Amino acid sequence: MPGSAARTATADVVCLGESMVTFLPSQPGRLADVPSFGRGIGGAESNVACALAAAGHRAKWVGRVGADGFGDHLVDAIAGYGVDTSAVRRDPGRPTGIYFRTATDRATDTHEVAYYRAGSAASAMSPENVPYEDLLDTRVLHLSGITAALSADCLALLRDLTAPREGRPLISFDVNHRPGLWRDGEAGPEVLLDLARRSDLVFVGEDEAEEAWGVHGTGAIRAALPEPDVLVVKRGSDGVTVFSRTGRTGSGTAADTVTTVPSLHVDVVAAVGAGDAFAAGFLSAALRDLPVRDRARHGHLMAAAVLTVPGDLTGPPPRDHADRLAALDDEAWGTLRLGPGWTVTDGANEEVRVT
């Protein structure tokens, strides 16, 4: 991984952001009609931390929660995945954020999400109250555009963390464009573009790049984001395209290696949390210095694990199991079809469960 090979740090990855208690519906339907909800946890950055810790990496989540029962639940649940939560701060004057969602796909018109996060403890994060010693003592610092949208103080924090500084860890940034989170009069797309251009590794969906910046196609997205050493463009069912900086041409312009990796065929149970899982899988493989193709394949595999369960989080496939799948030839990779239970291995042969 560029910039991290020679770095000695306490953590492999530190993830900064808001985590919330999420209430998952007991049955499909409108929020007005769902009779009961089950409690879970959700948050882009803490999802990444949980997946990385479950995959065997030293992951730390840095955040801020209320001094309330929901805050207790979040810290305990995230720590239960093996994540270091020692840097989480409690806010006695602000609540832990919560949200409710329907069971439908986020991309459909029937999907509903009701957030109760305004004035949350996490929205009070700032350069003055977040422990920088924890944020910088890592090989990788993973951030997302969601945090930037929470408050002016949160945005100031992300701008400070992405600013050039001596000894800065590799900055991983997931654009996570959420138009509904930005306050009136704020130029969310421009802010996200600036933060992405200050980062080393960027994850962005082709659809969100078009919505936020009006650019379409992988080449146009790379032209809009020329600075990151690695740019991962997620293209839905068409897979991902990864731009990896390899140096400069004779004319001085940046030179890239471009790697396209098809998606897997997945029998989807719930289309939530896949983007966070993909980022975790990609980062996990990058921390192990695997080739770019395998980094993207591990991203797809981690996403498939989440897509085949109802919630935002699940245990990843065993590492050797995922390594064997990631090493398949292109034809075999293209024929994989993964359904619920595929991450479970069958005895000594560890055959993948497919449908």
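In the predicted model, cysteine 154 is buried, its relative accessible area being 0%. A disulfide would require the two sulfur atoms to be within 2.5 Å. Over the structure as a whole, the number of disulfides is 0.

Strand E1 spans residues 11-16. Of its 6 residues, 6 are buried, and the strand is therefore largely enclosed by the rest of the structure. Two pairings of E1 were examined. With strand E9 (residues 138-144), E1 runs parallel and is joined by 4 bridges; within this pairing, histidine 142 of E9 is the bridge partner of cysteine 15. With strand E4 (residues 59-62), E1 also pairs in the parallel sense, again over 4 bridges. Here valine 14 is placed opposite lysine 60 of E4.

An open sheet is formed by 4 strands in the order E3-E2-E7-E8, with mixed pairing. The edge positions are taken by strand E3 (37-42) and strand E8 (113-116); each has a single partner strand, so one side of each is left without a neighbour in the sheet. On average, neighbouring strands of this sheet are turned by 20 degrees against each other, direction ignored. Within the sheet, strand E2 (residues 20-25) and strand E7 (residues 98-101) run parallel and are connected by 3 bridges. Phenylalanine 23 faces a residue of like kind in this arrangement, standing opposite phenylalanine 100 in E7. Helix H2, comprising residues 69-79, packs on the sheet and touches E2, E3 and E7. The direction of H2 makes about 65 degrees with that of E3.

Leucine 313 lies in the loop that connects helix H10 (292-307) with helix H11 (319-326). The residue is buried, with a relative accessible area of 17%, a value that falls under the 20% limit for burial. When neighbours within four places in sequence are left aside, the contacts of leucine 313 are with Ile41, Asn47, Cys50 and Tyr81.

The axes of H9 and H10 come within 7 Å and cross at roughly 145 degrees, and the crossing is right-handed. On the H9 side, the contact is made by Ala274, Ala277, Phe278, Ala280, Gly281, Phe282, Ala285 and Ala286. H10 contributes Asp294, Arg295, Ala296, His298, Gly299, His300, Met302, Ala303, Val306 and Leu307. By residue class, the contact of H9 with H10 consists of 12 nonpolar, 4 polar and 2 charged residues.

Methods: Residues are numbered from 1 along each chain as its sequence is written. This is a predicted model: local features need pLDDT of at least 70, side-chain atom pairs count only at pLDDT 80 or more; totals for chains, interfaces and linings use all residues. Side-chain values use heavy atoms; hydrogens and water are left out. Two strands pair if DSSP finds at least two bridges between them. Axes are lines fitted to C-alpha atoms, for helices over the stretch in contact, and angles run from 0 to 180 degrees between N-to-C directions. Contact means heavy atoms within 4.5 Å. Buried means under 20% relative accessible area, exposed over 50%, partly exposed in between (1.4 Å probe, protein chains only). A crossing is left-handed if the near helix is turned anticlockwise from the far one by less than a right angle, and right-handed if clockwise. Ala, Val, Leu, Ile, Met, Phe, Trp, Tyr, Cys and Pro count as nonpolar, Asp, Glu, Lys and Arg as charged, and the others, Gly among them, as polar.
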